[in-house]
Amino acid sequence: LCMALDWNGQYDDAIAACLRAVDLNPDSAIAHAYLAEVYVDKGNWNKALEEARLAVSLDENSLEAQRNLGYVLEKQGRYKEAIEAYKKAQELHPKLALLYIQTGNNYIVLGRYKEAIEQFQKAIEVAPESPIGYDALGWAYFQQQDFDRAIVELQKAIEKDPEYARAYGHLGVVYYVRRNYEAAIPAFEKAISLGARSIEYYYELGLSYAYLDQCDKARPWLEKALEIDPFAEPALQGLELCPEEPTPQPEKK
């Protein structure tokens with residue numbers, strides 16, 4: 001229950017559930033591991049690390065204890081230590097794709113793309129029908145500016161799950177950076193229609209229309225971006241390209 005509440009963004013209720021679990025069984029590594037996850041999601045760094053380390057000390061062979069220790073360390077910017085914890089979790093559960101994704105993401109932050117790509121490829125090996133590994137791999141290639149390979153992998157993600165919003169958004173960004181605005185537009189619109197709410201998708205969609213001289217379609221998306229961040233520079237620049245047309249005044253008799 002604690003985990004479900006946490007993942008649903010109900011952090012206070014999640015903490016209450018986890019504390020109840022800890023009260024019922026103070027030696028439960030999983031209870032302390034999930035409590036650590038909630039604490040870090042609320043920004044309580046010290047308690048999060050304390051609970052995560054306690055979970056591992058109670059059961060170093062607990063998948064959730066090792067994974068959540070990695071998660072806490074990752075959130076605190078301690079990426080090398082996070083990788084170590086995630087790799088211990090991988091040893092405990094080598095068939096869980098999420099662990100390879102999380103490890104790879106930490107390698108990305110460190111600029112170690114080769115190791116990141118290896119992790120994402122492992123995620124694909126253990127879960128070949130999931131879009132997540134292909135999406136992560138495609139995004140890694142994009143960050144290396146290998147745009148062609150990025151597009152191939154992102155399209156594979158969409159083939160695996162035509163409703164996977166993240167892959168459409170990433171594909172839109174790749175097309176946008178390549179100035180293929182005609183292809184970027186439908187990718188962004190599909191991502192947004194599936195629930196993606198990234199400010200980058202809004203203003204890059206608006207700018208794509210602006211660069212194609214379709215200001216009537218550009219302005220609504222640029223304005224949506226400014227609703228999220230009134231100081232978003234790309235959106236402001238887009239509105240400079242597409243100023244509102246003055247309201248026609250009635251002719252004087």
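## Tyr 202 and Trp 221

Tyr 202 and Trp 221 are both buried in this predicted model. Their ring centres lie 6.0 Å apart with the planes at 15 degrees, so the pair is stacked, since planes under 30 degrees apart count as stacked.

Helix H13 (residues 199–211) holds Tyr 202, and helix H14 (residues 215–228) holds Trp 221, so the pair ties together parts that are 19 residues apart in sequence.

## Helix H10

Helix H10 runs over residues 147–160. Its 14 residues should span 20 Å at 1.5 Å a residue, and the end C-alpha atoms are 20 Å apart, which agrees.

The buried residues of H10 are Phe 147, Ala 150, Ile 151, Glu 153, Leu 154, Ala 157 and Ile 158. An α-helix has 3.6 residues a turn, so residues three or four places apart point the same way. Helix H9 (131–143) and helix H11 (165–177) are included in what covers the buried residues of H10.

## Aromatic pairs and the cluster

The count of aromatic pairs comes to six, with ring centres within 6.5 Å as the cut-off. One of them joins Phe 142 and Phe 147: the ring centres are 5.7 Å apart and the planes stand at 40 degrees, so this pair is tilted. Phe 142 and Phe 147 are each buried.

Phe 142 and Phe 147 also belong, with Trp 139, to one aromatic cluster. Phe 147 is among the buried residues of H10.

Notes
Residues are numbered from 1 along each chain as its sequence is written. This is a predicted model: local features need pLDDT of at least 70, side-chain atom pairs count only at pLDDT 80 or more; totals for chains, interfaces and linings use all residues. Side-chain values use heavy atoms; hydrogens and water are left out. Helices (H or I, at least four residues) and strands (E, at least two) are DSSP runs, numbered from the N terminus. The expected span of a helix is 1.5 Å times one less than its number of residues. Buried means under 20% relative accessible area, exposed over 50%, partly exposed in between (1.4 Å probe, protein chains only). Contact means heavy atoms within 4.5 Å. Rings of Phe, Tyr and Trp (its six-membered ring) pair if their centres lie within 6.5 Å; planes under 30 degrees apart count as stacked, over 60 as edge-to-face and the rest as tilted.
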